[in-house]
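Subject: Handover of a structure

Dear colleague,

I am passing on the structure below, and my notes on what was found in it follow directly after. Please read them with the structure open beside you.

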Amino acid sequence: MHLSGFSLLALGAATVNAFRDTSPFFLASTSEILATPASIKTATSLLDDLSSTLSTCPSDYYVVAFQPGVHSTDFATSHSAPRLGAKMTGQDKAIRSSAIVHEVAGMLDAKQVQSMIEKSCGAGSTVVDGASGSYPSSFGEEPQVIAVNFPILSLGSDRAQQLSDNDGLLADIVDRIPSSKKYTILYVTSPREFQDSESPVYHSDDNTYQDPVHMELKRDYSAHGYRVDSASNKSLFQEYQYFTPGIFMGLIASFFFVAVLYVGFSALTSLQVPYAAFEKDTSPNAQKKQQ
């Protein structure tokens, strides 16, 4: 399950640009967990898998980190989340299980994951506000779900730094867990919003109790989305994939076809028949044989 060379989602570089309304999911644990990595899964399917995997309560602590407003491309470099990357790639020797789902289609609710673990394992819960950066100095000895809620990533130039800072806070929280206890990190994300697509976040039809501050932030967030995306300086070869697995297989098949055609044509042209074979034999011996 361990992955080599951290560009957390560089393994799925061939498909990261194919889905804009998806976001990744990461799992790392000091327990033996049969978690299966995948390129793409629906949120419903992933939740069912987590429910089945964690129903045995393999760990003492479960850190459910929620990072909204990200895309697979945010984790394309080793500097995106280096501490989480160390756990995902085997650099942290305490980690015994890890899995990545590169593209989660739909919204995986971190609170639903938290509730599922609390119900299955009878664990308590501690909520940490990632925006304030404050958290308890210890989490006790009892089974615990530590819910870390990070603020949505900005669309400005500080986006990468904010993601790295959140990664540092998550690492500090994990370091507070007693070394004698096993823990599992579930890094849940939600898709980044784009101006030309509908928000993947569910919004109730009844806006009576909707937070006006959240509404204002969402409008401001959407207003700047197109400008940041259009300002990309990536080349066409970075933005698009020109050499797909289908093209690769087609070239291999074409090579074998041309090779077989060449051998057959060479064999055909190498045939040598003397002109005398087509002439009538008028010798006396031939006439006697015919009689």
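A search of the whole structure, which is a predicted model, finds six salt bridges, and three of these pairs are described here. In one of them the side chains of E32 and R96 meet with an N to O distance of 3.1 Å. Because E32 lies in the loop between β1 and β2 while R96 lies in the loop between α2 (82-88) and β4 (97-105), this pair ties together parts that are 64 residues apart in sequence. E32 counts as exposed, at 53% relative accessibility, whereas R96, at 45%, counts as partly exposed.

The loop between β1 (22-29) and β2 (38-42) also holds A35, which counts as buried at 10% relative accessibility. The C-alpha atoms of A35 and A99 are separated by 6.0 Å, although the two residues are 64 residues apart along the chain.

Another of the salt bridges joins the side chains of K41 and D49, with 2.4 Å from N to O. Here K41 is buried, with a relative accessible area of 18%, and D49 is partly exposed, with a relative accessible area of 32%.

The side chains of K181 and E141 likewise meet in a salt bridge, at 3.8 Å from N to O. K181 lies in the loop between α4 (159-175) and β7 (183-191) and E141 in the loop between β5 (124-129) and β6 (144-149), so that this pair ties together parts that are 40 residues apart in sequence. K181 is partly exposed, its relative accessible area being 22%.

Turning to the cysteines, the search of the whole structure finds one disulfide, formed by C57 and C121, whose sulfur atoms are 2.1 Å apart. As for accessibility, C57 counts as partly exposed at 27%, while C121 is buried, with a relative accessible area of 18%.

On the surface, F248, M249, I252, F255 and F256 form a nonpolar patch, with about 560 Å² of accessible area together. One of these residues, M249, lies in helix α7, which covers residues 245-269, and M249 is exposed, because its relative accessible area of 55% is over 50%.

Finally, some remarks on confidence. The protein averages a pLDDT of 78, and 70% of the residues score at least 70. Over residues 11-18 the pLDDT stays under 50, and for this stretch the model has 13 contacts beyond four places in sequence. Over residues 195-231 the pLDDT again stays under 50, and there the model has 28 contacts beyond four places in sequence. Where pLDDT is low, the predicted coordinates should not be read in detail.

Note on methods
Residues are numbered from 1 along each chain as its sequence is written. This is a predicted model: local features need pLDDT of at least 70, side-chain atom pairs count only at pLDDT 80 or more; totals for chains, interfaces and linings use all residues. Side-chain values use heavy atoms; hydrogens and water are left out. pLDDT is the predictor's confidence in each residue, from 0 to 100. Contact means heavy atoms within 4.5 Å. Patches are made of residues with over 30% relative accessible area and no salt bridge: like charges are joined within 9 Å, nonpolar side chains (Val, Leu, Ile, Met, Phe, Trp, Tyr) within 5 Å. Accessible areas come from the Shrake-Rupley method with a 1.4 Å probe; for residues, only the protein chains shown count as cover. A salt bridge is a side-chain nitrogen of Lys or Arg within 4 Å of a carboxyl oxygen of Asp or Glu. Helices (H or I, at least four residues) and strands (E, at least two) are DSSP runs, numbered from the N terminus. Buried means under 20% relative accessible area, exposed over 50%, partly exposed in between (1.4 Å probe, protein chains only). A disulfide is a pair of cysteine sulfur atoms within 2.5 Å.
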